[in-house]
Amino acid sequence: MKITHLFALLLLLIISSTRLKAQDSVGDIFMIEDFENEEIGNLPKKWYNQRGNNLPYTYTGDIRNEYKYQVMSENGNKFLNYNGQSGKHLNYPLANKDNIDIYKTPVLHWRWRIHEIPEGANEDDSDRNDTAASIYVVFDLGKVLFKKVPKSIRYTWSSTLPEGKEMSKFYGNQKIIVIGSGDDNAGKWQTFERNIVEDYRRLFGDKPPAKPLAILILSDGDSTRKNANADYDDIFLKSLTID
């Protein structure tokens with residue numbers, strides 16, 4: 001994944017528009033995606049392309065084949081699988097959604113299952129910046145010289161970097177946290193939860209906005225030219241009182 005591509009994506013998320021209906025929240029949980037209402041074998045309908053101006057599930061032909069994501073099912077449960085090398089983000093806009101307040105639901109919950117890591121990848125090296133799986137929370141506007149770019153936190157499963165390592169990019173506007181590494185628990189579903197309010201305060205030194213701009217996911221191996229294979233499921237925000 002090239003840094004310039006991600007930089008452009010984050011800029012475009014600010015102006016991306018959407019016609020999607022507001023996602024329902026139930027009690028102290030705001031469901032983002034569990035893929036249960038999606039069509040097996042296709043891309044999820046609610047996730048936008050890198051430029052934030054089209055829905056990739058409508059694509060056909062060569063451009064559709066560039067997206068290595070597809071909804072799959074196992075034991076009655078649907079999830080999103082990525083299997084390939086090409087670096088294509090999917091983003092789920094939140095700026096237009098109602099009933100989001102991360103001070104009420106500060107915990108980002110998700111599951112993923114790592115099948116194959118892109119060997120030799122390293123998120124701290126622009127020439128090897130690939131990942132088996134990652135999820136971003138894009139927040140408010142930061143600054144790069146005279147331009148404004150979104151602040152974001154990226155939680156990543158790294159091929160080579162140790163769990164707990166933290167990095168900063170884009171002049172401090174993107175923070176990266178390694179939450180797992182290598183072949184640990186390969187082929188097993190793993191559940192993760194992060195208090196994004198606490199992470200934001202610790203990493204940026206101020207308070208996050210109550211409503212993030214978007215959630216992104218990315219798996220890729222285009223820099224190392226190695227395959228990545230991972231599953232995603234059950235992405236939602238929840239309160240501290242929900243176990």
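**Notes on the salt bridges**

1. Please keep in mind that the model is predicted, with local features needing pLDDT of at least 70 and side-chain atom pairs pLDDT 80 or more, while totals for chains, interfaces and linings use all residues. Residues are numbered from 1 along each chain as its sequence is written, and side-chain values use heavy atoms, leaving out hydrogens and water.

2. R113 and D231 form a salt bridge with an N to O distance of 2.8 Å (a side-chain nitrogen of Lys or Arg within 4 Å of a carboxyl oxygen of Asp or Glu). Because R113 sits in strand β6 and D231 in strand β13 (residues 228-238), the pair ties together parts 118 residues apart in sequence. Strands here are DSSP runs of E, at least two residues, and helices are runs of H or I, at least four, numbered from the N terminus. D231 is buried too, at 1%.

3. R113 also pairs with E74, the closest N and O atoms lying 3.0 Å apart. E74 is partly exposed, at 35%.

4. Within helix α3 (residues 196-204), D199 and R202 are 3 residues apart, so about one helical turn separates them. Their salt bridge has its closest N and O atoms 3.2 Å apart. D199 is buried at 7%, whereas R202 is partly exposed at 44%.

5. Through shared partners, salt bridges join E166, R194, D199 and R202 into one network. The structure holds 11 salt bridges.

How values were computed: Buried means under 20% relative accessible area, exposed over 50%, partly exposed in between (1.4 Å probe, protein chains only).
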